Amino acid sequence: MGGSVSAQLDNLPQYRRMTADDLEVVIAIENEVYPHPWTRGNFYDSLNAGYHCWIMELTGEIVGYGVVSIGADEAHLLNLGIAARWQRRGLGREMLKFLIQLAREAFAHKIYLEVRPSNIGGRRLYASAGFDEIATRRGYYPAHRGREDAVIMELNLK
Ligand SMILES: CC(C)(COP(=O)(O)OP(=O)(O)OC[C@H]1O[C@@H](n2cnc3c(N)ncnc32)[C@H](O)[C@@H]1OP(=O)(O)O)[C@@H](O)C(=O)NCCC(=O)NCCS
């Protein structure tokens with residue numbers, strides 16, 4: 001695998017801010033790709049809180065989205081999703097790069113995220129972007145049976 005996005009896709013992805021009008025499509029993707037998806041309320045709250053909520057499009061089709069909160073000099077990547085049929089083409093890596101750049105431009109020194117230990121794809125993606133696993137938060141996520149820990153990852157932006 002690997003290679004640049006432009007080598008694998010006819011058109012380069014475009015980014016724009018998410019609005020409430022996007023939520024139907026975003027939630028459909030969210031439900032498709034996460035076993036424990038965010039609710040509509042989670043997305044509304046993120047929009048209303050002024051978080052950086054972005055859409056990735058390819059020729060007008062929403063293929064992914066990301067949500068980042070940036071405050072003081074820290075950024076938190078709260079969500080990143082790529083539609084199932086568009087996965088493994090470099091788009092997640094591309095969107096992550098975009099969100100990291102956004103955090104840099106907002107003068108964040110670090111970017112943090114939480115990921116399930118069972119999310120091997122997510123952890124590989126973040127590790128390959130330079131994130132380090134710095135801690136485990138016990139029982140952070142609901143799981144099919146009981147709770148699942150969260151791995152906390154950090155990227156130094158300085
Ligand atoms: C995680 C996610 C965003 C990755 O998006 P993507 O567009 O498929 O990822 P990319 O094609 O850019 O992959 C980049 C690298 O991540 C790793 N990776 C991504 N998906 C993987 C998988 N299913 N299994 C193993 N490694 C994977 C690989 O190292 C990959 O590089 P490679 O293709 O050269 O081997 C996507 O799978 C997704 O939306 N998952 C559901 C939501 C989620 O778990 N989000 C992250 C937690 S917040």
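Isoleucine 111 counts as buried, because its relative accessibility is 0% and the cut-off for buried is under 20%. You'll find isoleucine 111 in strand S5. Keep in mind that what you're looking at is a predicted model. What does isoleucine 111 touch, not counting residues up to four places away in sequence? The list is Ala75, Leu77, Ala103, Phe131, Met153, Glu154, Leu155 and Leu157. For a sense of scale, isoleucine 111 and arginine 16 are 95 residues apart in sequence, and their C-alpha atoms are 21 Å apart in space.

Now step back to the loop between H4 and strand S5, where phenylalanine 107 sits. Is phenylalanine 107 buried or exposed? Its relative accessibility is 66%, so it counts as exposed, the cut-off for that being over 50%. Its backbone deserves a look too. Most residues other than glycine have a negative phi. Phenylalanine 107, though, has a positive phi, near 70°. Arginine 88 also isn't a glycine and has a positive phi, of about 60°. Arginine 88 belongs to the loop between strand S4 (74-82) and H4, and with a relative accessible area of 65%, arginine 88 is exposed.

Next come the aromatic rings. How many aromatic pairs does a search of the whole structure find? It turns up six. In one of them, phenylalanine 43 and tyrosine 65 have ring centres 5.8 Å apart and planes at 80°, so this pair is edge-to-face. Since phenylalanine 43 lies in helix H3 (residues 40-48) and tyrosine 65 in strand S3 (residues 61-71), the pair ties together parts that are 22 residues apart in sequence. Phenylalanine 43 and tyrosine 65 are both buried.

Tryptophan 54 and phenylalanine 98 make another edge-to-face pair, with 5.0 Å from centre to centre and 70° between the planes. Here strand S2 (residues 52-58) supplies tryptophan 54 and helix H4 (residues 91-105) supplies phenylalanine 98, so the pair ties together parts 44 residues apart in sequence. Tryptophan 54 and phenylalanine 98 are buried as well.

Two packed helices are described by the angle between their axes and the distance between the axes. For H4 and helix H5 (residues 120-128), the axes come within 10 Å and cross at roughly 50°. That angle makes H4 oblique to H5, and the crossing is right-handed. Which residues make the contact? H4 contributes Gly92, Arg93 and Leu96, while H5 brings Leu125, Tyr126 and Ser128. Sort the residues of this contact by type and you get three nonpolar, two polar and one charged.

Our last stop is asparagine 11, in the loop between helix H1 (5-8) and strand S1 (14-17). With a relative accessible area of 40%, asparagine 11 is partly exposed, because that value falls between the cut-offs of 20% for buried and 50% for exposed. Leaving aside neighbours within four places in sequence, asparagine 11 is in contact with Leu58 and Thr59. Asparagine 79, by comparison, is 68 residues from asparagine 11 in sequence and 24 Å from it in space, C-alpha to C-alpha.

Methods: Residues numbered from 1 in each chain as written. Predicted model: local features only at pLDDT ≥ 70, side-chain atom pairs only at ≥ 80, totals over all residues. Heavy atoms only, no water. Phe/Tyr/Trp six-rings, centres within 6.5 Å; stacked < 30°, edge-to-face > 60°. Helix = DSSP H or I, 4+ residues; strand = E, 2+ residues; numbered from the N terminus. Buried < 20%, exposed > 50% of the residue type's maximum accessible area, 1.4 Å probe, protein only. Axes fitted to C-alpha atoms, helices over the stretch in contact; angles between N-to-C directions. Parallel < 35°, antiparallel > 145°, perpendicular 65-115°, else oblique. Left-handed = near helix turned anticlockwise from the far one by under 90°. Contact = heavy atoms within 4.5 Å. Nonpolar A, V, L, I, M, F, W, Y, C, P; charged D, E, K, R; others polar.
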